[in-house]
Amino acid sequence: MIIGAMNNPHKGLIEQIHLFGEMNFDYAEVTIEHPHARPEWIERHKKDVLDALQSYNLGTLAHLPWYFSIAHPYERVQKAINSEFTQAFRAAQMLGAQKITLHTETLSPSIQSRESSMQNAVSTLKLLHKEATNMGLDLLIENLDAKSLSIEEFKTLFSQVDMGLTLDVGHTQTAKGEGLENYLRALAPRIRHVHLHDNMGQNDDHLPLGAGRMEVEKVVKALKSKYDGTITLEVHSDDPHYLEYSRQRLDILWHGKKKHLEDQNYLQP
Ligand SMILES: [Zn+2]
């Protein structure tokens, strides 16, 4: 298991990479997003971003804007969105990322039926997944809540598109989430990446580990029984100490205190 952190696109990317490096993260998950990490910006600052990543030996993952539809009822709108995805794929490729995560967004059922939404999502994902694969990227789809695909709909999707899942643990634990256990039971073999953050059990709060109602120890144990890979801490707090604390907490729960301390000695001989 290795631990990463995600940039806030409203802040400078390079400064945040330095911060993640100083905190001993293993990789940065770069969300390629408006306003300060758009594909054009990344292209222009490619060398500086890569230098910053390499100076801490940080790996790279990528994330797409979470507010773009993949099932829009207007074909021309979906086409325009897809071409934005292509730009972001190129930027991800430039940064050496392999895994790239996509969020789903559905419109209100009063505008578009669930059936139409699902049908469009499958055909868009077929297209995008093929394109990403041709560019050497592993396109992953992330769970949200009732506004997005359900576990049953994910099963339908995966029977038609051979892609992986980014399991967002926090999203499974909101009032409208379907619960971590259910996701692990139904979709464990599809999980290729994980997002982890805490909440109060109602909304998608993106709190530091331990600051909400999530049973962190139980969650890490359940996760560890089915998965061993990249885990990004999606802690949305202006104070980076909460992110650092969350990293230490996850590292200790996963590897045990002894190994955590040994690794620290290794970093500061
Ligand atoms: Zn997430």
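Helices (H or I, at least four residues) and strands (E, at least two) are DSSP runs, numbered from the N terminus. With that naming, L137 is found in the loop between helix α5 (114–134) and strand β5 (138–142). The structure is a predicted model, in which local features need pLDDT of at least 70 and side-chain atom pairs count only at pLDDT 80 or more, while totals for chains, interfaces and linings use all residues. Residues are numbered from 1 along each chain as its sequence is written, and side-chain values use heavy atoms, with hydrogens and water left out.

**The zinc site**

Which residues coordinate the zinc ion? The ion is held by E142 (OE), D168 (OD), H195 (ND1) and E234 (OE), at 2.1 to 2.2 Å, where donors are N, O and S atoms within 2.8 Å of the metal (3.2 Å for Na, K and Ca) and sites may look incomplete because water is not among the atoms. Along the chain these donors follow the spacing E-x25-D-x26-H-x38-E. D168 lies in strand β6 (residues 164–168) and E234 in the loop between β8 (230–233) and α10 (241–255), so this pair ties together parts that are 66 residues apart in sequence. Both D168 and E234 are buried, a word that stands for under 20% relative accessible area, whereas exposed stands for over 50% and partly exposed for values in between (1.4 Å probe, protein chains only).

The angles among the four donor atoms run from 85 to 171°, and the site is irregular. Four donors count as tetrahedral if all angles lie between 85 and 135 degrees; four count as square planar and six as octahedral if opposite donors are over 155 degrees apart and all others between 65 and 115; anything else is irregular.

**The largest pocket**

A pocket is found on a 1 Å grid over the protein atoms alone, as an open set of points with protein on both sides within 12 Å along at least five of seven lines, whereas a cavity is a set of points where a 1.4 Å probe fits but cannot get out; lining residues have an atom within 4 Å of a point. The largest pocket holds about 870 Å³ of space, a volume being the space filled by probe spheres set on the points, with grid points joined across faces, edges and corners. Its lining has 38 residues, and M6, H206, E234, V235 and H236 lie nearest the centre. E234 is also one of the residues that coordinate the zinc ion. Strand β1 (2–6) and helix α1 (13–22) each supply at least two residues of the lining, and the largest share, three residues, comes from α1.

The lining divides into 13 nonpolar, 15 polar and ten charged residues. Here Ala, Val, Leu, Ile, Met, Phe, Trp, Tyr, Cys and Pro count as nonpolar, Asp, Glu, Lys and Arg as charged, and the others, Gly among them, as polar.

**Two helices with a buried side**

In helix α9 (residues 216–224), V216, V219, V220, A222 and L223 are buried. They cover an arc of only 165° around the axis, which puts them on the same side of α9; the arc is that of the directions from the helix axis to the C-beta atoms. The face turned away from this buried side carries the exposed residues E217, K218 and K221.

Helix α6 (residues 151–160) has I151, E153, F154, L157 and F158 as its buried residues. Seen down the axis of α6, these fall within an arc of 155°, so they line one face of the helix. On the other side of α6, E152 and S159 are exposed. An α-helix has 3.6 residues a turn, so residues three or four places apart point the same way.

**Single residues in loops**

| Residue | Relative accessible area |
|---|---|
| L137 | 5%, buried |
| H206 | 7%, buried |
| I111 | 60%, exposed |
| N57 | 69%, exposed |

N57 sits in the loop between α3 (46–55) and β3 (59–63), and its phi is near 55°, a positive value in a residue other than glycine. H206, in the loop between β7 (191–196) and α9, likewise has a positive phi, near 50°.

A cis peptide bond, with omega about 0°, joins H34 and P35, and P35 is placed in the loop between β2 (27–31) and α2 (39–44). L137 and Q93 are 44 residues apart in sequence, and their C-alpha atoms are 7.3 Å apart in space. I111 lies in the loop between β4 (99–103) and α5, and its C-alpha atom is separated by 31 Å from that of E234, 123 residues apart along the chain.
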